[in-house]
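Okay, thanks for coming, everyone.

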Amino acid sequence: MLDVSLLMILLLGSYDPKTKRILYTIKDEIAKLSTFYDDFILIPLLLADIEIYDLVSDIYKLAIIERFEGKYTIMLFNLRGNIIDVSDVEARTLKDIEAYMKKHFNIAEARKPSIFNKLRFLAHESHHVFIVRHEELTRCGEYIELAYLILQDLSPLKITLLIREGIPISTMLKELIRMARLYHESYQDENDLLYIIRRIIDYIINEQRRLR
(Lines give C-alpha, C1' and ligand atoms only; values in the text may rest on other atoms or scores of the structure.)
Protein backbone atom coordinates (compact mmCIF):
# COMPACT_ATOMS: atom_id res chain seq x y z
CA MET A 1 0.00 0.00 0.00
CA LEU A 2 1.37 3.41 -0.99
CA ASP A 3 2.42 5.62 1.91
CA VAL A 4 0.82 9.03 1.33
CA SER A 5 2.14 12.06 3.23
CA LEU A 6 0.62 15.51 3.69
CA LEU A 7 2.81 18.53 2.99
CA MET A 8 1.51 21.92 4.11
CA ILE A 9 2.89 24.92 2.23
CA LEU A 10 2.35 28.35 3.82
CA LEU A 11 2.08 31.40 1.54
CA LEU A 12 2.79 34.87 2.93
CA GLY A 13 2.62 38.26 1.24
CA SER A 14 0.89 41.62 1.25
CA TYR A 15 -2.84 41.82 0.56
CA ASP A 16 -2.87 44.60 -1.96
CA PRO A 17 -4.98 43.54 -4.99
CA LYS A 18 -2.07 42.56 -7.26
CA THR A 19 -0.16 40.55 -4.66
CA LYS A 20 -3.36 38.92 -3.40
CA ARG A 21 -4.14 37.73 -6.94
CA ILE A 22 -0.60 36.34 -7.24
CA LEU A 23 -0.92 34.50 -3.92
CA TYR A 24 -4.18 32.86 -5.00
CA THR A 25 -2.58 31.95 -8.34
CA ILE A 26 0.28 30.26 -6.45
CA LYS A 27 -2.21 28.47 -4.23
CA ASP A 28 -4.09 27.11 -7.26
CA GLU A 29 -0.82 26.07 -8.91
CA ILE A 30 0.32 24.13 -5.85
CA ALA A 31 -3.08 22.42 -5.61
CA LYS A 32 -2.79 21.36 -9.27
CA LEU A 33 0.82 20.29 -8.73
CA SER A 34 -0.37 17.92 -6.01
CA THR A 35 -2.07 15.75 -8.66
CA PHE A 36 1.35 14.86 -10.13
CA TYR A 37 2.50 13.04 -6.98
CA ASP A 38 1.08 9.69 -5.92
CA ASP A 39 2.77 9.68 -2.53
CA PHE A 40 2.24 13.30 -1.41
CA ILE A 41 -0.75 15.56 -0.97
CA LEU A 42 0.14 19.25 -1.05
CA ILE A 43 -1.94 21.60 1.07
CA PRO A 44 -1.31 25.28 0.22
CA LEU A 45 -2.39 27.67 2.97
CA LEU A 46 -2.99 31.42 2.90
CA LEU A 47 -2.82 33.06 6.31
CA ALA A 48 -5.86 35.26 5.66
CA ASP A 49 -8.03 32.23 4.83
CA ILE A 50 -7.03 30.20 7.89
CA GLU A 51 -8.24 30.08 11.47
CA ILE A 52 -6.80 27.88 14.19
CA TYR A 53 -8.56 26.62 17.28
CA ASP A 54 -7.08 25.05 20.39
CA LEU A 55 -9.60 22.38 21.36
CA VAL A 56 -10.75 21.04 24.71
CA SER A 57 -11.49 17.41 23.91
CA ASP A 58 -10.56 13.86 24.87
CA ILE A 59 -9.57 13.12 21.25
CA TYR A 60 -8.70 16.33 19.43
CA LYS A 61 -6.02 18.87 20.21
CA LEU A 62 -6.32 21.39 17.42
CA ALA A 63 -8.38 22.39 14.39
CA ILE A 64 -7.27 24.23 11.27
CA ILE A 65 -10.18 25.85 9.47
CA GLU A 66 -9.78 26.97 5.86
CA ARG A 67 -12.31 29.41 4.47
CA PHE A 68 -13.71 29.06 0.97
CA GLU A 69 -16.65 30.76 -0.71
CA GLY A 70 -19.73 29.24 0.89
CA LYS A 71 -17.93 26.49 2.78
CA TYR A 72 -15.16 25.68 5.22
CA THR A 73 -12.69 22.80 5.42
CA ILE A 74 -12.05 21.49 8.94
CA MET A 75 -8.76 19.67 9.60
CA LEU A 76 -8.67 18.03 13.03
CA PHE A 77 -5.49 16.94 14.82
CA ASN A 78 -5.36 14.40 17.63
CA LEU A 79 -3.51 14.75 20.93
CA ARG A 80 -0.29 13.53 19.29
CA GLY A 81 -0.50 16.25 16.65
CA ASN A 82 -1.48 13.97 13.76
CA ILE A 83 -4.24 14.97 11.36
CA ILE A 84 -7.03 12.41 11.67
CA ASP A 85 -10.11 14.02 10.14
CA VAL A 86 -10.85 16.35 7.22
CA SER A 87 -14.39 17.58 6.62
CA ASP A 88 -15.98 20.07 4.20
CA VAL A 89 -18.87 21.94 5.79
CA GLU A 90 -21.24 24.43 4.21
CA ALA A 91 -21.56 27.38 6.57
CA ARG A 92 -21.84 31.16 6.52
CA THR A 93 -19.72 32.11 9.52
CA LEU A 94 -17.03 30.80 11.84
CA LYS A 95 -19.60 30.77 14.63
CA ASP A 96 -21.50 28.14 12.63
CA ILE A 97 -18.29 26.13 12.32
CA GLU A 98 -17.62 26.36 16.05
CA ALA A 99 -21.12 25.07 16.76
CA TYR A 100 -20.67 22.28 14.18
CA MET A 101 -17.40 21.10 15.76
CA LYS A 102 -18.87 21.05 19.26
CA LYS A 103 -21.90 19.07 18.10
CA HIS A 104 -20.32 16.57 15.70
CA PHE A 105 -16.91 16.01 17.32
CA ASN A 106 -17.84 16.28 21.00
CA ILE A 107 -15.59 19.28 21.59
CA ALA A 108 -16.16 21.12 24.87
CA GLU A 109 -14.45 24.37 23.89
CA ALA A 110 -12.65 25.94 20.92
CA ARG A 111 -10.25 28.83 21.51
CA LYS A 112 -8.58 31.01 18.86
CA PRO A 113 -4.93 31.99 19.50
CA SER A 114 -3.47 35.41 18.68
CA ILE A 115 -2.44 36.25 15.10
CA PHE A 116 1.25 35.81 15.93
CA ASN A 117 0.65 32.46 17.62
CA LYS A 118 -1.34 31.40 14.57
CA LEU A 119 1.50 32.44 12.26
CA ARG A 120 4.10 30.69 14.41
CA PHE A 121 2.13 27.46 14.53
CA LEU A 122 1.39 27.34 10.81
CA ALA A 123 4.99 28.14 9.90
CA HIS A 124 6.44 25.48 12.19
CA GLU A 125 3.90 22.85 11.06
CA SER A 126 4.35 23.62 7.36
CA HIS A 127 7.07 21.92 5.37
CA HIS A 128 7.89 25.16 3.61
CA VAL A 129 7.05 28.86 3.71
CA PHE A 130 7.04 31.04 0.59
CA ILE A 131 7.18 34.79 1.24
CA VAL A 132 6.34 36.85 -1.84
CA ARG A 133 7.19 40.52 -2.39
CA HIS A 134 5.34 41.43 -5.60
CA GLU A 135 4.58 45.15 -5.22
CA GLU A 136 6.87 47.92 -4.03
CA LEU A 137 4.30 50.34 -2.56
CA THR A 138 2.88 48.24 0.25
CA ARG A 139 3.30 48.24 4.03
CA CYS A 140 5.86 45.40 3.99
CA GLY A 141 3.87 43.24 6.39
CA GLU A 142 5.52 40.15 4.90
CA TYR A 143 8.90 41.42 6.10
CA ILE A 144 7.52 41.76 9.63
CA GLU A 145 6.26 38.17 9.38
CA LEU A 146 9.67 37.05 8.12
CA ALA A 147 11.53 38.76 10.98
CA TYR A 148 9.09 37.33 13.51
CA LEU A 149 9.50 33.78 12.22
CA ILE A 150 13.28 34.04 12.35
CA LEU A 151 13.06 35.32 15.93
CA GLN A 152 10.83 32.32 16.69
CA ASP A 153 13.64 30.01 15.55
CA LEU A 154 11.97 28.82 12.38
CA SER A 155 14.68 27.09 10.35
CA PRO A 156 15.79 29.28 7.42
CA LEU A 157 15.87 26.06 5.37
CA LYS A 158 12.06 26.12 5.50
CA ILE A 159 11.79 29.64 4.06
CA THR A 160 12.08 30.99 0.52
CA LEU A 161 11.86 34.74 -0.04
CA LEU A 162 10.73 35.64 -3.57
CA ILE A 163 11.06 39.26 -4.72
CA ARG A 164 9.98 40.58 -8.10
CA GLU A 165 12.79 42.09 -10.14
CA GLY A 166 12.99 45.87 -9.87
CA ILE A 167 11.80 46.06 -6.26
CA PRO A 168 14.58 47.53 -4.12
CA ILE A 169 15.81 45.63 -1.07
CA SER A 170 16.55 47.76 1.97
CA THR A 171 19.88 47.56 3.79
CA MET A 172 18.13 46.17 6.86
CA LEU A 173 16.50 43.39 4.84
CA LYS A 174 19.84 42.54 3.24
CA GLU A 175 21.38 42.24 6.70
CA LEU A 176 18.50 40.02 7.83
CA ILE A 177 19.01 37.76 4.81
CA ARG A 178 22.73 37.51 5.55
CA MET A 179 22.24 36.96 9.27
CA ALA A 180 19.71 34.16 8.77
CA ARG A 181 21.49 32.76 5.69
CA LEU A 182 18.11 32.91 4.04
CA TYR A 183 17.50 31.55 0.56
CA HIS A 184 15.98 34.10 -1.78
CA GLU A 185 15.36 34.51 -5.48
CA SER A 186 14.13 37.23 -7.79
CA TYR A 187 11.56 36.58 -10.50
CA GLN A 188 10.63 38.42 -13.67
CA ASP A 189 6.91 37.74 -13.98
CA GLU A 190 4.14 35.40 -12.89
CA ASN A 191 5.28 32.51 -15.10
CA ASP A 192 8.82 32.78 -13.78
CA LEU A 193 7.52 32.85 -10.20
CA LEU A 194 5.41 29.72 -10.70
CA TYR A 195 8.34 27.90 -12.31
CA ILE A 196 10.59 28.67 -9.33
CA ILE A 197 7.94 27.46 -6.87
CA ARG A 198 7.37 24.24 -8.82
CA ARG A 199 11.09 23.48 -8.83
CA ILE A 200 11.49 24.16 -5.10
CA ILE A 201 8.51 21.95 -4.23
CA ASP A 202 9.96 19.19 -6.38
CA TYR A 203 13.25 19.43 -4.46
CA ILE A 204 11.33 19.30 -1.16
CA ILE A 205 9.45 16.18 -2.20
CA ASN A 206 12.58 14.42 -3.43
CA GLU A 207 14.26 15.21 -0.09
CA GLN A 208 11.24 13.86 1.83
CA ARG A 209 11.39 10.66 -0.23
CA ARG A 210 15.08 10.29 0.55
CA LEU A 211 14.41 10.60 4.29
CA ARG A 212 11.74 7.88 4.36
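Strands here are DSSP runs of E, at least two residues, helices are runs of H or I, at least four, both numbered from the N terminus, and two strands pair if DSSP finds at least two bridges between them.

Quick word on the source: this is a predicted model, with local features needing pLDDT of at least 70 and side-chain atom pairs counting only at pLDDT 80 or more, while totals for chains, interfaces and linings use all residues. Residues are numbered from 1 along each chain as its sequence is written, and side-chain values use heavy atoms, with hydrogens and water left out.

Now zoom out: E9 and E10 sit in an open, parallel sheet of five strands, ordered E2-E1-E8-E9-E10. At the edges you've got E2 (40-46) and E10 (183-187), each pairing on one side only.

Helix H6, residues 190-211, packs on this sheet and touches E1, E2, E8, E9 and E10; contact means heavy atoms within 4.5 Å.

Over on E2 we find Ile41.

Last stop: E5 (71-78) and E6 (83-90) pair antiparallel over seven bridges, and Lys71 has Glu90 as its partner in E6. They make a hairpin with four residues between them, where Gly81 in the turn has a positive phi of about 90°.

Definitions and conventions
Axes fitted to C-alpha atoms, helices over the stretch in contact; angles between N-to-C directions.
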